[in-house]
2 protein chains.
Amino acid sequence: MIAGSIIHVLRNALGEGNFQLHEPCFAGNEQRYVQECIASTYVSSVGAYVERFEKELAAYTGVRRAVAVVNGTAALQVALQLAGVKTNDEVIVPALTFVATANAVQYLGAVPHFADSEESTLGLDPRALRDWLNSVAEPAGDAYRNRQSGRRLGALVPMHTFGHPCDLEGLLAIAHDYRLALVEDAAESLGSRYQGQHTGTFGLLGTLSFNGNKIITMGGGGAILTNDERLADHAKHLTKTAKLPHRWDYVHDEVGYNFRMPNLNAALGCAQLEQISEFLASKRRLFERYQEALAHIDEVYLMKEPSGSESNYWLQTLVLSDAVGGQRDAILQATNDAGLMTRPAWRLMHRLEPYKKCPRAPLPVAESLAQRLINLPSSAGLA
Amino acid sequence: MIAGSIIHVLRNALGEGNFQLHEPCFAGNEQRYVQECIASTYVSSVGAYVERFEKELAAYTGVRRAVAVVNGTAALQVALQLAGVKTNDEVIVPALTFVATANAVQYLGAVPHFADSEESTLGLDPRALRDWLNSVAEPAGDAYRNRQSGRRLGALVPMHTFGHPCDLEGLLAIAHDYRLALVEDAAESLGSRYQGQHTGTFGLLGTLSFNGNKIITMGGGGAILTNDERLADHAKHLTKTAKLPHRWDYVHDEVGYNFRMPNLNAALGCAQLEQISEFLASKRRLFERYQEALAHIDEVYLMKEPSGSESNYWLQTLVLSDAVGGQRDAILQATNDAGLMTRPAWRLMHRLEPYKKCPRAPLPVAESLAQRLINLPSSAGLA
């Protein structure tokens, strides 16, 4: 049984004990900054840590502006709105993604349109997508529309699965040719680079998540990245209830959101961001350790950063060969029973009740991958 | 000039120095609980403080269930959805409110319908509302609709302005007669009681806010209150991405939200909630001090808790007589220039660009109050 071999490998790599999928690591200034924040009484919408986090995050990712918000879902919702997505538009997203990618589209009254992934990146496959758009997209005014639904195609949202950058070059070309706004869902890929440039900075806007299971966390938290100052200012405005600056008047000039990041959470984030290099190094070591330990099992391989990319290795991922794809659930059962937390990829979006009637391309690779991916314990500090 | 007299009164009551409108007070276990939370590594979606906060908040407000969420706006959006508000419904809200009340309606694709307030509570006026509904509402199936717009009237959302309970008895009768779900926006009224019962617990659901300027804060934060276990379970499900419980599968059975409260913020909230009685006592003392100091100025009075109610006195509020209503901006200017932060009531909802085309009742009292209300420095700890 392959499940037994995998447990053996994980035990060799990790030692005895129970292992979560991904635990945060607070080894820096977390306590100090949070204590300072409480002592200052500025725990909420105003405070120095939010500004500092935004500046440091922008510097780290090499983007002009970062806008801190309450979580990655909110970041993506606002980014899509700023990219011009309107009610009843369609937005192309991978079928293989966390549900937030589709939800953010839905919140805007738009419709997710699911596309296939490729095995080499686990992200959107530009060749398959171009073939699909060639068959379903037709010009309509200054945009393209889905000739089957009649809806405008508003945006393209690549997601960097488990931290592995997808083929941005191919996707940017499609976005250009079909006049789609490209908005990167980089929720999982803080620290990942494509051809040397940080993910989340290629499109018009990109978004990050700092949820508890992410490579750095602030309890919740997310951010919008953009090189467009005007869009960044608008993102800040929209996420702070669209209130116009005034000493006392409460005038809001559009329907805004209460999506600002509290200063308390930003304090935690500043401490976490200081340690990102150590976290990345640790995750890379864990990848190497797992890879070596898995080398003798022919039926599986460990997902490796795509060529030309540098991955953050957020979640280590076992890829089963077709031959043992049928044993996925047995492996999940055995590893979780042994205290080694593993999980499969998410249920594909078009197989979820709320999204099963949405438009979609043929999804053979996503369907296959969904049966063959298993995430392994991946916390920073394991290696 | 009345502005000079008011500054004199405020200085007598507060002493020298600059005074914010409302600052949080962290005099309890804030540092300890937050440190414990970080040390446990459970800062995010899982953690003991969220559960504890929900239990203690439910006990304090005397409601069966409290569901902690990321902020008061999110709480209201979800409460309205659970109360059955659908796209294109109308929801009756006060014109005199913070913009979040209207935004929460808008996020659901529904339309706010603005109603007038009464001077004695600063909240919705049941007599004026009944007259208005008598003229515009007509039965349609098992609900009523606005005969002018044709839209279903879905819910009624009283808001307890600055912490003063509005006339819930009258509003509950209207909700009954017009088959409206009553959802209380109690964002400002934690600690306020109507006929002995805590605000936010009268309707099908109620919502609270713990934003930085509120009577207790957790940086951000909000909660949904309900006596209906099924609705509470559904609120929890919806605010945690509607993921079905499973050891490893990611199946979401409806379009959910990433609205959970992080454990880090809940830790702060638990410490704050322990001090609510002291905060309320301090605010009541400040009311008494201001009231005494203002007694000799005939043209203004201090907003007092409505008869039969116990207010939390969240924001102390000066009400100008018509005779000096024209001096509002001069008073705001002079007090703010003197380092005494004051502010007027919010710009009325139907006067904001995004909501100016929404249906509305005649709003004479709201229009008048909007010109005559001034909030004074109100932090707990000032008295």
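1. Domain bounds, as used here, come from an automatic or database domain assignment. On that basis, chain A has domain 1 (2-24 + 276-375) and domain 2 (30-273). Taken over C-alpha atoms, the centres of domain 1 of chain A and domain 2 of chain A are 25 Å apart.

2. This is a predicted model, in which local features need pLDDT of at least 70 and side-chain atom pairs count only at pLDDT 80 or more, while totals for chains, interfaces and linings use all residues. Residues are numbered from 1 along each chain as its sequence is written, and chains are lettered from A and ligands numbered from 1 in the order in which they are written.

3. Domain 1 of chain A gives 36 residues to the contact and domain 2 of chain A gives 45 residues; two residues are in contact if their C-beta atoms, placed from the backbone, lie within 7 Å.

4. On the side of domain 1 of chain A that touches domain 2 of chain A, the elements giving two or more residues are α10 (276-294), β13 (309-310) and α12 (364-370) of chain A. Helices (H or I, at least four residues) and strands (E, at least two) are DSSP runs, numbered from the N terminus. The largest share, five residues, is that of α12(A).

5. In chain B, five of the five residues of strand β1 (residues 65-69) are buried, so the strand is largely enclosed by the rest of the structure. A residue is buried if 20 or more other C-beta atoms, placed from the backbone, lie within 10 Å of its own.

6. β1(B) pairs with strand β11 (residues 222-226) of chain B in the antiparallel sense, over five bridges; pairing requires that DSSP finds at least two bridges between the strands. B:Thr226 in β11(B) is the bridge partner of B:Arg65.

Methods: A residue is buried if 20 or more other C-beta atoms lie within 10 Å of its own, exposed if 12 or fewer, and partly exposed in between; C-beta atoms are placed from the backbone.
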